[in-house]
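Please read these comments alongside the coordinates.

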Amino acid sequence: MIAGVAAASVALGVAQLATIPLGGRADVRTAVGAAIVDLTPGPVKEWAIQTLGPLDKPFLAVVVLVGIATIAAIAGTLETPRRPFGSAVIAGTGALGCAAVLSRPGGTALDILPAILGAACGVAVLRVLTQRFWPHSERNTAVNEQADPGRRKLVLYGLLGFGVVSGVVGAFATRLAHSVEADRKTFALPTPRPKARPIPAEVQPKGVALPSFITPSVDFYRIDTALSVPQLSRGDWRLRIHGMVDRETTYGFDDLARFDLVETVTTLTCVSNPVGGDLISTGIWTGYRLADLLAAAGVHSDADMVLSTSIDGFTAGTPVQALTDGRDALVAVGLNGQPLPVEHGYPARMVVPGLYGYVSATKWVVDLELTRFDKAKAYWTRQGWAAQAPIKTQSRIDVPRGGQKVPVGPVVFGGVAWAQNRGVRAVELRIGDGDWQRAELGASYSDETWRLWSFPWEAKDPGKQRVTVRAIDNTGAVQTEQRANPVPDGATGWHSVNFTVVPA
């Protein structure tokens, strides 16, 4: 079993080293993980997002490695000098790796070379170990008598260590060799005109520790299907607009300069955000209006969907109306006054106010196809999620936290509420089963951003308590109490927090 794992370790290490000159598309480990993600049923993916959050990708990477190690251990037990069944298993696994690489967008015959080299080295190592250490081989009896257990362990664990080290070095070197971070740092974000209007200090309630109205870029939530962050430079980036248009057009990054560069403040929300969840952030976005780019292409009147595609193959279906109705839907190139972080879509991504991200917020966007909802389906809609996904009116309690102890006396609770494209008119709280009371709202910046709230309260009687929140949007609609899971078009329900009042 150890011999099989050692062979697989060498195979992966060699494959990773061979990936260095080719880049991420040839990374067989990532390709296998991505194929697993694509084949995983939607409910399982949603469970992973809900349960693991940003750790879902590292978790999958560990699962892939454990799976490979398990297969390799079995292969080791099947291998004999005369019957190379274990070698056949490793070769078959290498073939599956080649298929996974070729299944990724842009995968070529050259990209499977690391998988082939890795599998060949893995087979060679397993054959050598079997021939040298197989205890029942008459031909190798003398060799086996000389090969004491300590020497066997030294060879086996030496090969295992070589595989691990070479894999880590190969992954690090590949990332370093193909990183676009240097390209990003040389990009001087132009001054947008018009700039977003200033954010008044009154948007942030005082006396309570709430999230900043503008989320720092390093804290911005990230949910996507990319196991390895795509590395796409400005020079290599192209945006193709085609399909139901008068003029098919392809823009390079510098070509965007013919359009107005604008700045907007928009809150983005993930459809996987549960009631009370934190998959929501607000940023200052710099970019080019999608309406302008689409107008230049001449959209056909019967086209009702834009199918956007990422460089890694992810797709999203966005209503044409949401891109042309006056809201500031952007091909964004900047976040919070800086070029987009690579993990958030550098050099360009989509930002569409009022829609959940899975139908609007394509990162590393390279293709916009004008089509119809009755003709095409995007990545998540093929797995049962709704094609239309406007953001629902929701609210969250940030203070107090669940289980927190609150001293008797005056306290201030607080949280956030959102109803993008409609705006929040009011937030109401209820302590226990009491009456609903109005919270104090921070200033409203726009209908496209969240609104922070606070609620002064006098904690009197020690004991367990519960606080519940609901929001009312600018149409007068009250946030529904009905509990619903994120699938298929976003979670609903009131957020409640249990806390304990204790003597001061």
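The numbered points below go through these topics in turn.

1. Basis. This is a predicted model, in which local features need pLDDT of at least 70, side-chain atom pairs count only at pLDDT 80 or more, and totals for chains, interfaces and linings use all residues. Numbering starts from 1 along each chain as its sequence is written, and side-chain values use heavy atoms, with hydrogens and water left out.

2. Aromatic pairs. The whole structure contains 14 aromatic pairs. Rings of Phe, Tyr and Trp (its six-membered ring) pair if their centres lie within 6.5 Å; planes under 30 degrees apart are stacked, over 60 edge-to-face, and the rest tilted. Phe314 and Tyr379 are a tilted pair, because their planes are at 45°, with centres 5.6 Å apart. These two residues are 65 residues apart, Phe314 in the loop between β5 (305-310) and β6 (315-319) and Tyr379 in the loop between β10 (365-371) and β11 (394-399). Helices (H or I, at least four residues) and strands (E, at least two) are DSSP runs, numbered from the N terminus. Phe314 and Tyr379 also belong to one aromatic cluster with Tyr358, Trp380 and Trp385.

3. Burial of the pair. Buried means under 20% relative accessible area, exposed over 50%, and partly exposed in between (1.4 Å probe, protein chains only). Phe314 is buried at 13%, and Tyr379 is buried at 6%.

4. A pair between strands. Phe413 and Phe499 are edge-to-face, 5.3 Å centre to centre with 70° between the planes. Phe413 is in strand β13 (residues 409-418) and Phe499 in strand β19 (residues 495-502), 86 residues apart. Both are buried: Phe413 has a relative accessible area of 2% and Phe499 one of 1%.

5. Charges over rings. The criterion is NZ of Lys or CZ of Arg within 6 Å of the ring centre and within 35 degrees of the ring normal. Arg197 lies over the face of Tyr445, 4.1 Å from the ring centre. Arg470 has its charged end over the ring of Trp436, 4.1 Å from the centre.

6. Backbone. Which residues does the cis peptide bond with omega near 10° join? That bond runs from Arg193 to Pro194, and Pro194 lies in the loop between α9 (181-185) and β1 (238-243). Another cis bond joins Val399 and Pro400, with omega about 5°. Although not a glycine, Asn336 has a positive phi of about 55°; Asn336 is partly exposed at 21% relative accessible area. Trp364, also not a glycine, has a positive phi of about 50°, and Trp364 is buried at 2% relative accessibility.
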